[in-house]
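Colleague: I would like to learn how to read the features of a model like this one, step by step. Could we begin with burial and then move on to charges and confidence?

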Amino acid sequence: MFKTDLPPDPKEAAAIEARRNREKERQSRFLNVRTRVMGVDVEALNSQVEERKLQEATEQSKKAAYGTNQVQYDVVAQMLEKEQAERTRRLAKKVQEFREQKQQLKNRSELDLWDPHRLWKEFPPHLSNNDPYCGPASLQYFSGEDLNRSTHLRMQQEQFRYSLERQLQEQQQARIDYNCADMLNNQLRLAMDMRAAQMAKLEESCRMAMMSAMANANKFQVAEVAERQRREHQCQQEANLTEIQNQITSDLLTENPQVAQNPVAPHRVLPYCWKGMTPEQRAAIRKVQEAQRHEKEAQRQAEQAMDSEWESQAERLARAAQELEEQERELCAEFRRGLGSFNQQLAKEQKAQHNYLNSIIYTNQPTAQYHLQFNTSSR
């Protein structure tokens with residue numbers, strides 16, 4: 001039902017084989033006694049230096065490509081800024097021309113609040129009998145009288161026609177300005193789309209250049225790694241051949257004990273050439289061990305004798321202390337017996353004296369006359 005004989009994943013097998021090869025190479029490099037240096041791996045350091053140099057070269061190429069892209073982007077941005085500034089300048093120029101042509105001071109209909117001659121214009125001097133600033137009290141005109149009615153009507157019609165023409169012109173100019181602005185906006189969008197397309201092409205070209213540079217760097221790195229592996233393999237083969245030749249022609253595989261002797265310190269041996277101890281050396285070591293064992297046994301017996309002596313002395317001291325304690329107890333008991341007899345004798349004497357005082361000395365009771373005489377004598 002289930003397929004148990006599936007082939008292994010080729011990528012996983014390749015990764016496992018690569019790790020195994022790296023571990024073998026590492027072990028061969030570490031376990032080689034001829035090229036091994038304690039604490040420093042020169043080949044690993046050299047490979048790290050080469051990898052570092054290659055990485056720096058790759059980074060420099062990336063930075064150069066990035067700088068080229070930045071210069072191109074800056075040039076495009078400057079061109080766009082110049083075009084925007086030129087469009088802004090042209091628009092401002094058109095607005096100014098429109099203001100100068102269509103928005104003159106004499107054609108405006110609103111009140112100018114910032115006119116410096118406003119007060120002079122509000123109250124002009126008397127010009128004619130129809131002066132609006134002269135009321136009925138000035139006797140310039142009378143109520144209900146309009147001598148220039150036709151002129152006023154004609155002027156009103158002309159003013160209405162002028163206002164209508166002006167509104168039509170303003171509407172037409174507004175439509176023209178709207179169409180112009182729409183056209184400019186379309187041109188701007190078209191220019192921006194063209195610039196975006198150019199930028200996309202430049203970006204694509206820069207990306208292709210970066211990819212090409214990266215591919216060349218990778219090829220160079222692969223070639224360098226392959227060359228280094230080839231040199232390492234060749235050096236390994238030469239080292240193996242040299243080691244085999246040295247093993248065959250040297251005294252390493254012989255049983256000569258003189259090979260393991262250190263030429264600098266004769267009392268020491270070379271660990272990588274030492275074949276073991278000779279029978280004489282083993283016999284001497286056993287002899288020394290036997291002597292040490294006898295010495296240790298004598299020392300142990302002496303310690304046991306000293307321990308027994310200390311124990312016997314401790315027992316004698318314990319017996320002497322016990323005897324002293326018994327003597328002290330006997331002396332204390334005898335002292336207590338003597339003290340008891342002495343206290344009994346003293347109690348008998350005190351009791352006899354007390355009886356004597358009560359029976360002989362204190363038999364006569366004092367009278368009131370005795371007390372009176374005693375008080376008088378004391379005064």
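Modeller: A residue is called buried when its relative accessible area is under 20%, exposed when that area is over 50%, and partly exposed in between, with a 1.4 Å probe and protein chains only. Arg228, at 15% relative accessibility, therefore counts as buried. This is a predicted model, in which local features need pLDDT of at least 70 and side-chain atom pairs count only at pLDDT 80 or more, while totals for chains, interfaces and linings use all residues. Residues are numbered from 1 along each chain as its sequence is written, and side-chain values use heavy atoms, with hydrogens and water left out.

Colleague: Which side chain meets that of Arg228 in a salt bridge?

Modeller: A salt bridge here is a side-chain nitrogen of Lys or Arg within 4 Å of a carboxyl oxygen of Asp or Glu. The partner of Arg228 is Glu50, at 3.4 Å from N to O. The two belong to distant parts of the chain, with Arg228 in helix 4 and Glu50 in helix 2 (residues 42–102), 178 residues apart; helices are DSSP runs of H or I with at least four residues, numbered from the N terminus. Glu50 is partly exposed, because its relative accessible area is 27%.

Colleague: How many salt bridges does the structure hold?

Modeller: The structure holds 14. Another of them joins the side chains of Glu83 and Arg195, at 3.5 Å from N to O. Glu83 lies in helix 2 and Arg195 in helix 4, so this pair ties together parts that are 112 residues apart in sequence. Arg195 counts as buried at 12% relative accessibility, whereas Glu83, at 31%, counts as partly exposed.

Colleague: Where do Glu297 and Arg300 lie, and how many residues apart are they?

Modeller: Both are in helix 5, and because they are three residues apart, about one helical turn separates them.

Colleague: What is the average pLDDT of the protein chain?

Modeller: pLDDT is the predictor's confidence in each residue, from 0 to 100. The protein chain averages 78, and 77% of the residues score at least 70. Confidence is highest in helix 5, at a mean of 88, and lowest in helix 3 (residues 118–122), at 61. Where pLDDT is low, the predicted coordinates should not be read in detail.
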